[in-house]
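Reader: I would like to work through this structure one feature at a time, with the general idea ahead of each case. Where shall we begin?

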Amino acid sequence: MISSHTVIAVMGATGHTGQFVVNEVLRRGLSVVAVGRSAARLGQTMPAAVLRRVAVLDDLASLERAFAGCAVVINCAGPFLDTALPVARAALRAGCHYIDVTAEQPSAQASFAELDAPAREAGRVVIPAAAFYGGLADLLASALATKGEIDEITVAIALDRWWPTEGTRKTGERNKAPRLVVKDGHLVPLQPSAELPDWVFSKPLGQQAMIDMPFSEVITLAHHLKVREVRSLLNRSALADIRDVSTPPPTATDDLGRSAQRFELVVRLVQNGRTKTVGVRGQDIYAVTAPIVTEVALRLLAPSYRRSGALAVAEAVDPLDLIRSLHGSALQLFGVPLAG
């Protein structure tokens, strides 16, 4: 299905998530171009056989040159408030599809608003937030939903620890926009609940105290699903980790470079008087982003792929098909039939 000449460019290849993505693309037998700001850093972090190109945001021509000859650009360089639009525009001018891994709500909003027309004109897709935050919840909710209005979508996330990367720290400092949720079918600023009931996850996470913490999944879900209410919850202990300046970055604990962090993400959807629940669990929220975006890229590279525009990941690809492709390798899926 995939041409041996297919090339995927990874922007921000030297970063924590970018290195996971480069290695995953290579594992699939595809060619990769590693793009970063520093030739020295690229030389230190990339396998010898990987083609490396230097590009910087304030030189858009360098971005276009870096993406020349590629079919898909996967942007792992945050903060995406600064990188998403210039990198996506350069990708489209170079004839590439564009995927990013943002958890930032305003970045995803800007991509949908400003890049749909250019992507359609180029005959390519722009997919913001196709990662652990944003993408997974969008895929799971879309797999549960049927046609018509959805009453409520709740996303509940628990991490046993959150060891933040340098990029996560920088994004938190950069992104000061009010967090949004969906109320009565409209995006509105979050009004945090005074008290939330605990959420019971699978062991070993178990019962967790939760807090309202919407990420980019609110934007992706609202973009293409007719839903009256969307809220996102995070366990309080994970938020405490990331707010603690002394919390260290993730440390590799296996041959894949993953940290020991365990996660569970659950989507509860209410529609037509029925409540349906689906979830995933696995190891390392940064590492799991790599197989997600690589599976998306593989589908964009199929010769039969014809969609264009700025799309949520569950609009761009078949959500249940993609989730099934991840089950058993990248994560464990529960609540959705796997047959077929």
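**Turns, sheets and a helix face**

Author: Let us begin with Asn272, which is exposed, with a relative accessible area of 60%; exposed means over 50%, buried under 20%, and partly exposed in between, for a 1.4 Å probe and protein chains only. The model is predicted, so local features need pLDDT of at least 70 and side-chain atom pairs count only at pLDDT 80 or more, while totals for chains, interfaces and linings use all residues. Residues are numbered from 1 along each chain as its sequence is written, and side-chain values use heavy atoms, with hydrogens and water left out.

Reader: What is the phi of Asn272, and in which loop is Asn272 found?

Author: Most residues other than glycine have a negative phi, and most peptide bonds are trans. Asn272, however, has a positive phi, near 55 degrees, and it is found in the loop between strand E14 (262-271) and strand E15 (274-283). Helices (H or I, at least four residues) and strands (E, at least two) are DSSP runs, numbered from the N terminus. E14 and E15 form a hairpin with two residues between them, and Asn272 is in that turn.

Reader: How many bridges join E14 to E15?

Author: Strands of a sheet pair through backbone hydrogen bonds, either parallel or antiparallel. E14 and E15 run antiparallel and are joined by 10 bridges, with Arg268 having Thr277 in E15 as its bridge partner; two strands count as paired if DSSP finds at least two bridges between them. E15 also pairs with strand E17 (residues 332-334), in the antiparallel sense and over three bridges, and there Gly279 stands opposite Phe334.

Reader: In what order do the seven strands of the open sheet lie, and is the pairing parallel or antiparallel?

Author: Their order is E3-E2-E1-E4-E5-E6-E16, and the pairing is parallel. E3 and strand E16 (309-310) are the edge strands, each pairing on one side only. At the E16 end, two bridges join strand E6 (residues 125-127) to E16, and Val126 stands opposite Ala310.

Reader: Which residues of helix H3 are buried, and what do they pack against?

Author: An α-helix has 3.6 residues a turn, so residues three or four places apart point the same way. In H3 (residues 60-67) the buried residues are Ser62, Leu63, Ala66 and Phe67. They cover an arc of only 130 degrees around the axis (taken from the directions from the helix axis to the C-beta atoms), which puts them on the same side of H3. These buried residues pack, by contacts between heavy atoms within 4.5 Å, against strands E1 (7-11), E2 (31-36), E3 (51-54) and E4 (72-75), as well as helix H4 (80-93). After H3 comes Gly69, with a positive phi near 85 degrees.
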